[in-house]
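Work through the exercises below with the sequence and the model open. Each task is followed by a solution in steps.

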Amino acid sequence: MRCCHAVAITVVACVVTLGWARPATSAPTGGPVGGFTHTAWTDFGDPVQPSGVYAITQDRDGYMWVGFLGGLVRFDGQQFVRWETLGRPALPQRPVTALHTGRDGSLWIGFGNLGGVSRFQNGTLQHFTVRDGLPEGAIRQFVETRHGVVWASGFGGLSRLVGGRWERVGLTHGVPEAAVDLIYEDRDGDLWVASQARIFRFSAGSDRFVPVPHASPLTPFGPAVALAIPANIMRAAFARIDPSVQPVALRSRSGQFWLSVPDGLLALRGGDGMAARAELLTQQDGLTNSRVTALFEDREGNIWIGTVDGLDALTIRRPSPIRNVLDGHDVFAVATRTDGTIWSGTSVGLHEQSPVGARWYRQADGLPAPIVTALHASGSVLWVATTKGLATLTNGRLTPVVLAGAPPLNRVVSMTTDPTGTLWLAEFGGLHRLQGGVLTDIGATGPLAGRRPSVVHTDEAGTVWIGFWGGGLAAFRNGQFELFGPADGLSAGRVTSIQEDHHHRLWVGTLNGFSRRDGARFTTLGESSGLAGLMVAALLDDGREAIWVATLAGLLRLPMAEFDRAARDGTYRPQYSLFGAAEGIRESFVVTPPIRTPDGALAFARHGGLAQVSPGSVRPRPGPPVRIEQVTINDRPMGATAPLTLPADTSRIQIDYTALTFVAPPRFQFRYMLEGFDRDWVHAGTARRAVYTNLPPRQYRFRVAASHDGSEWSESPVPLALTVEPAFYQRPWFSLALAGLTVLAVALIWRLRLRRVRHQYAMVLAERTRLGREIHDTLLQGMVGVALQLHGLSETLAPGSDTLKQKLDRAREYLEHYIRETRLSIWDLRSQSLERQDLAAALRDAGTAISAGTTVAMALTVEGVPTPCDPRVEEHLLRIGHEAMANAIRHGRASTLSVGLRYAPDSITLSVRDDGHGFDETEVAHHSGRQWGLTTMRERAQQIGATFQCASGATGTVIETSAPLPRVR
């Protein structure tokens, strides 16, 4: 019948290998359904428990949405976020019972109890109720046809969205207005509806539903199941179906069928003409509850299961390069031989796997004890250490090793042979050597005294290396021991593994990390590398330029080039691949040397078996899709739509991002970079948040990338553009204005300073003028009066009193000399002429005053452009000119007087020339007036840094003073 074979529900599924987890954790464990890893959640991070999960969907961005009795949550593989905390419009406070992602990206939300539908699109939420044409009661399902018509079914019947409004579909369309169990669109575009134990078909292009009779074999299963699963597949599940309970059914794109039954979830495989096979997943297998209420397949083929107690996911596992052998046996030691034989020492005996078959060696075969603690292959001999002594295996025969007079070796943890064939044994009691049947304790005395060995290894050069429980390393060569420790760069803590790579470099693993010997020192990656602090159980070179490290977190593959780069750059975080439970490693590793088989495979001992790795099958995994979720500015959430313009007061920017994939456990690595601020990628590890504070105002671009294991990175398709607005004081105009104000302030300060100086100078001049006036009006006038009286007395003396007359005339001359000196001093105090006029005018006035009452003709010439200069220079030049003109008139008996003032760009020159009778230097030396006049002029010239020249002869005298011209600023 067509409804049985041509019709199927569109859903999801996929395949790989699997492990199961108990509820509320994401750690996978073993389970019955092959091809998947099972993870369960019974806590959505909310006080309301995730009971009654009835709807699941995946939106366009890749987020999973889960509807349950408490509302709606979003899941990114790492955390659940309630709708109410996303900053979106509020939803009705009702259970969410139906979800659908439309082709236009809208999210359709159906509610229980009173029913109703909400549509969220582009940040807008639109509500619909019964008044808008919806059926009454809870909404069960949404279906969107290829023609873009959205249908909603529920307890009250069926409706469709036409022209933005819901339309009830009932008897007028050929279908009863009753509860609808299932809607389905087949590959031909026909719509199938299961209602009241009947099936109706709505053909494309028609406007009525047509009832479809169904075959009797399907009747017990119900019409909804008949639509979902073909009859031959259903027969395999017949015994588990309860017709009174409405099941949830799903057909994945891979052709696998999923059906809820009262005691769990059935995974059904098979097809037409094939015998169907059913696998049951129950609460005892890790399902949150055996009562399944929702099924959904995401874009990656993962199966999502809703139950009355939580959410489960069956996620596809990628092909793993790791194969587990000897499952169920604790492996304590492993060894190999060039013919491909692998020996495994276990808790129940010695296991041999050779190209021709497998074999166990027990105590009946000569094994001293069932528990094997260490193995070592040397040539054709296999040394076997047990809890009750040693044995050798040669040509398939075990032979106990008898050590006469020696204590029993029942705690050997590691063995090696040196180039002489001597066997070295690391035992809890100390370090021993076995040669020629004689056992020697070499650790009791000497440099190894008090140290317990944990591992021994012989390198290619024949050096025997010994690691210790308390940390540190010893090398034995040329009969001497050399010790190494953290001071030599070695990682601290118990030494667990010593191996040599194909470049003959020594690698040492400890409980705090691992190191490589480079030259005379060891290189250990620090805390910033992200590898420090690893508890290393074993390590091994794969011969493909990578080192494999067994840790508590899993099996780590580190390219040697990454180790080299991290060793050179202490801030670099090396990229590595990590294989764990998702790749089949389900138990912890044992501290024992691993092996590399002749075919290149690596074997690591673990509790519960032996993990064999094929390095050649390791392929880089594309990074998961990355999305920027939210930007928080100063604790205020914002959308992550680019571009964002941030205000000037932005002090803290928080950017949240995630990776949207569910195929592997959520252990992705992230890195991000803010272009315009960060110089390189910032490696964030598993953190999903970036925080920046006090960013300078400019444009930025935030980029984020994710990787499964650090080998391949995927970046967000659209970087987030950010612009931080400058504050008013950070804008260019403010800087220009500030510079202008600074210039104006400096100019104003300079003008105020200049005004103050001028005011002070004016006050000094005024005071000097007052003093000069006081001296002139008092002292000078008194001295003139005295001189006149002396002259009068001299004239009144009787003839014959020549001696007295001479004395009076000499006193009068002295007094007149002092009067002249006083006048000069008053002249120095009073230079008010320069306050009113320039230097040339002041010289002209001085010459006119000096020559007044005489027949001397005076002329003044000015050459060049008069330039204002320092007032002090002008004053001294005026005083020199005044003195020179006075000397020419009083002493030179000149008839003409020529004064010249010459301005040059960098100097000013004053010359005074007369046609007097000149003077002689010898005569000047004995003439006090002329002598002091010349000395004063020279001193004034020196004070202003001027050159002074005086030339005198019978034709007259020339005095020239040239001063540098400092400009007035």
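**Exercise 1. The hairpin of β46 and β47**

Task: In this predicted model, find the residue that takes a positive phi in the hairpin of β46 and β47, and describe how β46 is paired and how far it is enclosed.

Solution. 
- Step 1. The hairpin has four residues between its strands, and glycine 543 takes a positive phi near 75°.
- Step 2. Strand β46 covers residues 536-541, and strand β47 covers residues 546-551. The two run antiparallel and are joined by five bridges.
- Step 3. For valine 536, the bridge partner in β47 is threonine 551.
- Step 4. Six of the six residues of β46 are buried, so the strand is largely enclosed by the rest of the structure.

**Exercise 2. Helix α4**

Task: Decide how the buried residues of α4 are arranged around the helix axis, and name strands that cover them.

Solution. 
- Step 1. Helix α4 spans residues 560-568, and its buried residues are Met560, Glu562, Phe563 and Ala566.
- Step 2. Viewed down the axis of α4, these residues fall within an arc of 155°, so they line one face of the helix.
- Step 3. On the face turned away from the buried side are the exposed residues Ala561 and Arg568.
- Step 4. The cover over the buried residues includes β46 and β47 from Exercise 1, along with β43 (506-510), β44 (513-518), β45 (521-524) and β48 (554-559).

**Exercise 3. Strand β4 and its two hairpins**

Task: Identify the pairing partners of β4 and the hairpins that β4 forms with them.

Solution. 
- Step 1. Strand β4 (residues 71-75) is mostly covered, with five of its five residues buried.
- Step 2. Strand β3 (residues 64-68) runs antiparallel to β4, and five bridges join them. Methionine 64 stands opposite phenylalanine 75 in β4. The hairpin of β3 and β4 has two residues between the strands.
- Step 3. Strand β5 (residues 80-82) pairs with β4 over three bridges in the antiparallel sense. Here valine 73 has arginine 82 in β5 as its bridge partner.
- Step 4. The hairpin of β4 and β5 has four residues between the strands, and glycine 77 in the turn has a positive phi of about 95°.
- Step 5. Phe68, Phe75 and Phe80 are among the members of one aromatic cluster, which also includes Trp41, Phe44, Trp304 and Phe662.
- Step 6. The charged end of arginine 74 sits over the ring of tyrosine 63, 4.1 Å from its centre.

**Exercise 4. An open sheet**

Task: Give the strand order of the four-stranded open sheet and name its edge strands.

Solution. 
- Step 1. The order is β34-β35-β36-β37, and the pairing is antiparallel.
- Step 2. The edge strands β34 (412-417) and β37 (438-441) each pair on one side only.
- Step 3. On average, neighbouring strands of this sheet are turned by 25° against each other, direction ignored.
- Step 4. Strands β35 (residues 423-427) and β36 (residues 430-435) share five bridges, and leucine 425 stands opposite histidine 432 in β36.

**Exercise 5. An aromatic pair**

Task: Classify the geometry of the pair formed by tryptophan 108 and tryptophan 166.

Solution. 
- Step 1. The count of aromatic pairs comes to 38.
- Step 2. In this pair the ring centres of tryptophan 108 and tryptophan 166 are 5.8 Å apart and the planes are at 80°, so the pair is edge-to-face.
- Step 3. Tryptophan 108 lies in strand β7 (residues 107-111) and tryptophan 166 in strand β13 (residues 165-169), so the pair ties together parts 58 residues apart in sequence.
- Step 4. Both tryptophan 108 and tryptophan 166 are buried.

Note on methods. Residues are numbered from 1 along each chain as its sequence is written. This is a predicted model: local features need pLDDT of at least 70, side-chain atom pairs count only at pLDDT 80 or more; totals for chains, interfaces and linings use all residues. Side-chain values use heavy atoms; hydrogens and water are left out. Buried means under 20% relative accessible area, exposed over 50%, partly exposed in between (1.4 Å probe, protein chains only). Two strands pair if DSSP finds at least two bridges between them. The arc is that of the directions from the helix axis to the C-beta atoms. Contact means heavy atoms within 4.5 Å. Rings of Phe, Tyr and Trp (its six-membered ring) pair if their centres lie within 6.5 Å; planes under 30 degrees apart count as stacked, over 60 as edge-to-face and the rest as tilted. A charge sits over a ring if NZ of Lys or CZ of Arg is within 6 Å of the ring centre and within 35 degrees of the ring normal. Axes are lines fitted to C-alpha atoms, for helices over the stretch in contact, and angles run from 0 to 180 degrees between N-to-C directions.
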